[in-house]
Number of protein chains: 2
Amino acid sequence: MTTVQSIDRAFAVLRSLASGPAGVSEIAERVALPKSTVSRLLSTLEELGAVEQVSAGGEYRIGWTMIELSAAARPGRSLISLTRPHLAELSRLTGEAAGISIPDGTDMLYLDQLTPDSELKVRDWTGHRIPMHAVPSGHIMLAFNDQLAERVIKSPLPPFTPHTLTTATALRQRLKVVRGAGYAWALREFAPEMNSVAAGLRATDGTVLAVLHVYGPASRFPGDRDPDELGALVKSMADKIRID
Amino acid sequence: MTTVQSIDRAFAVLRSLASGPAGVSEIAERVALPKSTVSRLLSTLEELGAVEQVSAGGEYRIGWTMIELSAAARPGRSLISLTRPHLAELSRLTGEAAGISIPDGTDMLYLDQLTPDSELKVRDWTGHRIPMHAVPSGHIMLAFNDQLAERVIKSPLPPFTPHTLTTATALRQRLKVVRGAGYAWALREFAPEMNSVAAGLRATDGTVLAVLHVYGPASRFPGDRDPDELGALVKSMADKIRID
DNA sequence: CGGAACGGTCCCATCATATGGAACAGCCGG
DNA sequence: CCGGCTGTTCCATATGATGGGACCGTTCCG
């Protein structure tokens, strides 16, 4: 498989910018390339609108073209407009943030999120990627896809909090429970102050292609509500949605 | 200004994919490059996750990486998470779609949209670009930026419907009204069956950096509501938001 | 069932083109 | 006013992108 070097490098630069705006020198260091090369890549990307210079001769950041292009990303965009009204409903019912995610390798990619206005908000995870073993949305994917589950279970399972499932047996056991219930919930397994409940979004043939979830600060979510009741709510909402 | 050819070409391919998935041959035709070159570009982009092949040996479409990268597009993302709760409120109050847009050259770029579930929905404009003279959101930008207004007025003003403002005088007159009111509304000026109301989102120094808008099918929006009353509503909501 | 007409991928000789070291220019803070 | 820091430009070099054509798999039609 032959790949084009300069494109590879261009995306390395873009990715590096995704973790925050930076100047030529810093980027050059991050991606381990000569300054001159990075400068050339950046001015090309700038002409294309993929990055923009915050002020002449200053830092670079990701530009509008990426937004434009991402709008055309089918798996994402169509899912987003399809599910957004349901996210609104779900976040209204629970008072917490609702979102969707899709599998990407052994990670979940967070595609969209609706966060009700409130004193204490969970952060916006849109565009972020989290290993499947650490989040309920990942557990959903794994519970309904045995091959994938095996692959993940064999890979390293790094902890994010003291509660992260990091052993094959713990994970297997959880997946079994999730498979039975049809929904997943986790308390402080990924972030120390965040709890989350998830259920699968199915295509017409029954395969789970994406995940619907609700999450909130551990201090008030699920609060005195029964996690299983919430799980059932999320599942019933997810079951209403058919994705193609 | 030296630019890197292959990156240029890669983005040409991506842009072409933005207008719909396609196979190698078709893309090659669209961008006027040899099949083999396009195939190589695509497999590079695929490895990077920028595109994905819907089925082995089949069509290509834009991939998840673009969503990931776009999430880091500062001007967009931070605005989106800041304004989304207000979009929810606005669409709840009006029963119609609410969205935000930012200026991009002489176009407005639609960044986000919340569409309430309903029998008849306006399409999702997220990621699309529309010339400023044709939409109220554009009128807002122009009304509060004289240089930009002059530039746009001097450029061609193509019609999209019979109601589009296509003459300098008509546009100038409209901008005057908009400037006075602090909000803009337009009936069937861009799409024949769509009406829209907009107001500016201001930074702390008072400059208008983005636009908040509400739009709905002409058949029921604004319906028997007074457009000026709606304008005042959108404006009051926009005034609550401070962007940096 | 055969074969033609697509589709996408791969190969490899050719040379256009990306490369990166070094020199340059602009900006700040001391 | 200078030293150290930016980002940008130059240009000789050879790396690496290129594209015509061969190849292979499907589909569609005779």
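**Ground rules.** I am working from a predicted model, in which local features need pLDDT of at least 70 and side-chain atom pairs count only at pLDDT 80 or more, while totals for chains, interfaces and linings use all residues. Residues are numbered from 1 along each chain as its sequence is written, chains are lettered from A in the order in which they are written, and side-chain values use heavy atoms, with hydrogens and water left out.

**DNA strand C.** I looked up the residues near the strand (a heavy atom within 4 Å of it) and found 20, the closest being A:Thr37, A:Arg40, B:Gln5, B:Val24 and B:Ser25.

I then checked phosphate oxygens for polar contacts (N or O atoms within 3.5 Å): one lies 3.2 Å from a side-chain N or O atom of A:Arg9, and one is 3.4 Å from a polar backbone atom of B:Ser6.

By class, this surface has four nonpolar, 13 polar and three charged residues, where Asp, Glu, Lys and Arg count as charged, Ala, Val, Leu, Ile, Met, Phe, Trp, Tyr, Cys and Pro as nonpolar, and the others as polar.

**H1(A) against H1(B).** I noted an angle of about 75° between these helices, with their axes 8 Å apart, which makes H1(A) roughly perpendicular to H1(B) (65 to 115 degrees).

Key:
A polar contact is a pair of N or O atoms within 3.5 Å; within protein, one must be able to donate a hydrogen and the other to accept it, and residues adjacent in sequence count only if both atoms are side-chain atoms. Axes are lines fitted to C-alpha atoms, for helices over the stretch in contact, and angles run from 0 to 180 degrees between N-to-C directions. Helices (H or I, at least four residues) and strands (E, at least two) are DSSP runs, numbered from the N terminus. Angles under 35 degrees count as roughly parallel, over 145 as roughly antiparallel, 65 to 115 as roughly perpendicular and the rest as oblique.
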